[in-house]
Amino acid sequence: MNTFPSPTPPAPNPADRARLVARMRAIVGADNVLTATADMAAYECDGFTIAKTKPNVVVFPTTTEHIVGIVQACNELGSPFLARGAGTSLAGGCVLVGGGVMIALARMKRILEINARDRYAVVEPGVVNVWLTNALKPFGLHYAPDPSSQGACTIGGNVATNSGGPHTLKYGVTVNHILGVELVLPDGRVVTCGGPTEDTPGYDLVGTIVGSEGTFGIVSKVWVRLTKNPEAYRTLLGVFETIDDATSTISDIIGAGIVPAALELLDKTMLSAVEAAFKFGFPLDAEAVVIMEVDGLAAGLQDEADRIEGIATKNRAREVRKANTEPERMALWKARKQAFGTIGRLGFPSYCTQDGVVPRTKLPDIMRHIQATAKKYNLGICNVFHAGDGNIHPILMFDERDPAQVKAVLDASHDILSECVALGGSVTGEHGIGVEKIDFMPLMFTADDLNYMVRLRTAFNPDGRCSPGKMLPTAGGCAEPSVVATKPARRAAV
């Protein structure tokens, strides 16, 4: 009961690889198969570049039937396989541990149906999140989960990691907006869980699959719930002299019974980068700003906004600015959602973005811990995060060419995530476990918990051939020798 088996089938040898490549070409055509070493470089990792493993072959299916054929061939030849979306995930979920077949879903990019009356859409897994948003505009509807990587990430990837985003404080994360999935099981069978109706009898298999990080099978079609656009918005920017005042405001807003659409915090260092990029007019002498948005029916919405302004003022906000027009609101959200892309302006060659969660009332505690950690390890750390959810994203900045700084960043990251758990939180809010955070699973779960998770995974994926080496600790320890640490200091983020 104290070991956590995670079988990792060996990658094919050269002779088997040649047979595998030939089978892939026969299934999807030569133009949908990559084998050159240079081509593999783009698929050896996701946004978490600590761990890199080149696949043996990358194949691009365009239909469910293609996925079935690929999976069946992998089983016949004993090859591991893994599905990949846009590669924007941040925990190594797209690392093909041990090598094998990378099933890239980017060419399965059709919006198959929009049913405005019943408020659902059917999409393929390679549909980019913002494409769906744009397609729904004429109907006055939207798909609520809006990760900051919305312009690049795919619906299939959102399903795999149960992505969040700024507006999921009110509307919920991905699992709250997925009605059904078509899943190609690791043995090649195709099953449909859920569908266009709001609820179905039996076990919630859709909820089980969403967030399973591809370890249960390959999602080939998704039914998503659509939400009516709000009638009106009120968007405020609270300016604070201290992080404590900003985080206290967030807790007090929720404690007052107000459910904002979003509460996002940017600290002073992050503001300097964002302002340099977007010239929005952020106050560079403030320690933090909080974007506070409410939406819904126009009647009564201003009263809610006024209450929020009052709470911010009570917590010593220096000023509360208002986005008075839709262009002003959109400019503010553009600055927030593209904040990570501005970090290069701070002058550090490398950065590492963490993803932890604490109860909202513990935000002041974790922010003080992050500040102390920065001093302890002599690191630059800036912060921009989904404060309303308690989902923090400290960004650790350094020079990856300096081994001492690399070690400091890894140690600091461990300290921050450990403190999240100690405060009653989690080591991930939306990035997932992948290969990065496997070591933390025994810290969060008992041996019995983990063994039941293994049993559940085994029910879907008995041979461990589908997305091997992810999420759960192995019997021999958490490190996978086939995953190579390359430039371990750098982590992309969106």
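Q: What makes strand E9 and strand E10 a pair?
A: Strands (E, at least two residues) and helices (H or I, at least four) are DSSP runs numbered from the N terminus, and two strands pair if DSSP finds at least two bridges between them. E9 (residues 178–184) and E10 (residues 190–194) have five bridges, in the antiparallel sense, so they pass that test. One of the bridges joins Val181 to its partner in E10, Cys193. The hairpin has five residues between the strands, and Gly188 there takes a positive phi near 95°.

Before going on: this is a predicted model, where local features need pLDDT of at least 70 and side-chain atom pairs count only at pLDDT 80 or more, while totals for chains, interfaces and linings use all residues. Residues are numbered from 1 along each chain as its sequence is written, and side-chain values use heavy atoms, with hydrogens and water left out.

Q: Why is His393 called buried?
A: Buried means under 20% relative accessible area, with exposed over 50% and partly exposed in between (1.4 Å probe, protein chains only). His393 comes out at 3%, so it counts as buried. You'll find His393 in the loop between strand E20 (391–392) and strand E21 (394–398).

Q: What is His393 in contact with, leaving aside its neighbours within four places in sequence?
A: Contact means heavy atoms within 4.5 Å. Among the residues that His393 touches are Phe340, Cys382, Phe385 and His431. Gln354 is another on that list, and its backbone oxygen lies 3.1 Å from a polar atom of the His393 side chain.

Q: How do you know that the span of helix H11 agrees with its number of residues?
A: The expected span is 1.5 Å times one less than the number of residues. For the 12 residues of H11 (residues 326–337) that gives 16 Å, and the end C-alpha atoms are 16 Å apart, so the two agree. The buried residues of H11, including Leu332 and Trp333, pack against elements such as helix H9 (268–278) and strand E19 (380–385).

Q: What makes strand E1 and strand E4 stand at the edges?
A: The open sheet has four strands in the order E1-E3-E5-E4, with mixed pairing. E1 (33–34) and E4 (81–84) each have a single partner strand, so one side of each is left without a neighbour in the sheet. E4 runs parallel to strand E5 (residues 101–104), joined by four bridges, and Leu82 has Met102 as its bridge partner in E5.

Technical notes:
A polar contact is a pair of N or O atoms within 3.5 Å; within protein, one must be able to donate a hydrogen and the other to accept it, and residues adjacent in sequence count only if both atoms are side-chain atoms.
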